[in-house]
Amino acid sequence: MFHTFLHCGKNIKLHIIEIGNKDLPQAVVFFLLDIEKFFSIIDSLSLKFFRIILVYKISILNQESIEKDFLKGVEYLVHSLAVKDIHCIFEYNLEEIYKVSLYSSLFFSSVTVCRNFNKICMEAFFPACAAEKKNIVDFIEKVEIQITNTLSEGEPYLLKVAKKMKLTPRVLSKKIKNEGEEFKLLVKQKRHEKALLLLQDKNVSLSDIAYTLGYTEHSAFTRAFKAWTGCSPCQFRKYFK
């Protein structure tokens, strides 16, 4: 499940994307990670164990109060998650003022700095979960790949994906449910991931994005996106100017 929202302080705004089941007891917070890089690595984390949060943009309204307001924003975010353990991850080139604040805060169970975010880095950070659920992740990844491959062909129905995987729809549906997932939710997740990436390129029209995601009408994509994020694709695109 995806959720985008703003935390607005007096002098600072945190732009946030959240992925995962809100009932999970652990979360991982990424700070100012490039959004394309973020979506290229989240599959390395098991969404069955962790809620994933990306603070992808910070808007500054008053330079004099950055550190104080940033910490207030982080504190609000941490408390709103209401989880047992929260891990913080950021790249070594994060601005010093944010880096110092994150290091000095007592909000996180761990604070990790990575020189390069990649799949190896993430697997090293969560080795137990990756090993425990390897077979499940492998199968779900295969389903997600076929969903992605069929998006531009129209609605990725279960029958279409099952045929590509050389399974009957009944068997595919049962295997997905046995692993705690739902086909419709997987389709929704892949559409949302791709939509966020495509919306970064202002040269790609909303109509083209809608078609690429398998929607027959531009309006259908707009309604779906607004129901998911609370704002229209046009409004969301403004965040990446």
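Tutor: Happy to! Let's look at helix 2 (residues 66-81) and helix 3 (residues 96-104), which pack at an angle of about 50° with their axes 10 Å apart. Because of that angle, helix 2 counts as oblique to helix 3. The crossing, where helix 2 passes helix 3, is right-handed. Keep in mind that this is a predicted model.

Now for the residues that meet there. From helix 2 come Ile 66, Glu 67, Phe 70, Leu 71 and Val 74, and on the helix 3 side they meet Ile 97, Tyr 98, Ser 101 and Leu 102. Sorted by class, this contact between helix 2 and helix 3 has seven nonpolar residues, one polar and one charged. In soluble globular proteins, nonpolar side chains tend to be buried together.

Next, the cores. The largest nonpolar core has 44 residues, and Phe 30 and Phe 38 have the most contacts inside it. Helix 9 (residues 183-198) gives the largest share of this core, five residues. Another core, of 23 residues, lies apart from it, and Ile 66 is among its members, along with Ile 12, Leu 81 and Val 83.

Finally, step back to the whole protein chain, with its 12 helices and six strands. Of its 241 residues, 45% count as buried. Among contacts between residues at least 6 apart in sequence, 66% join residues at least 24 apart.

Key: Residues numbered from 1 in each chain as written. Predicted model: local features only at pLDDT ≥ 70, side-chain atom pairs only at ≥ 80, totals over all residues. Heavy atoms only, no water. Core = buried A, V, L, I, M, F, W, Y, C linked by side-chain atoms within 4.5 Å. Buried < 20%, exposed > 50% of the residue type's maximum accessible area, 1.4 Å probe, protein only. Helix = DSSP H or I, 4+ residues; strand = E, 2+ residues; numbered from the N terminus. Axes fitted to C-alpha atoms, helices over the stretch in contact; angles between N-to-C directions. Parallel < 35°, antiparallel > 145°, perpendicular 65-115°, else oblique. Left-handed = near helix turned anticlockwise from the far one by under 90°. Contact = heavy atoms within 4.5 Å. Nonpolar A, V, L, I, M, F, W, Y, C, P; charged D, E, K, R; others polar.
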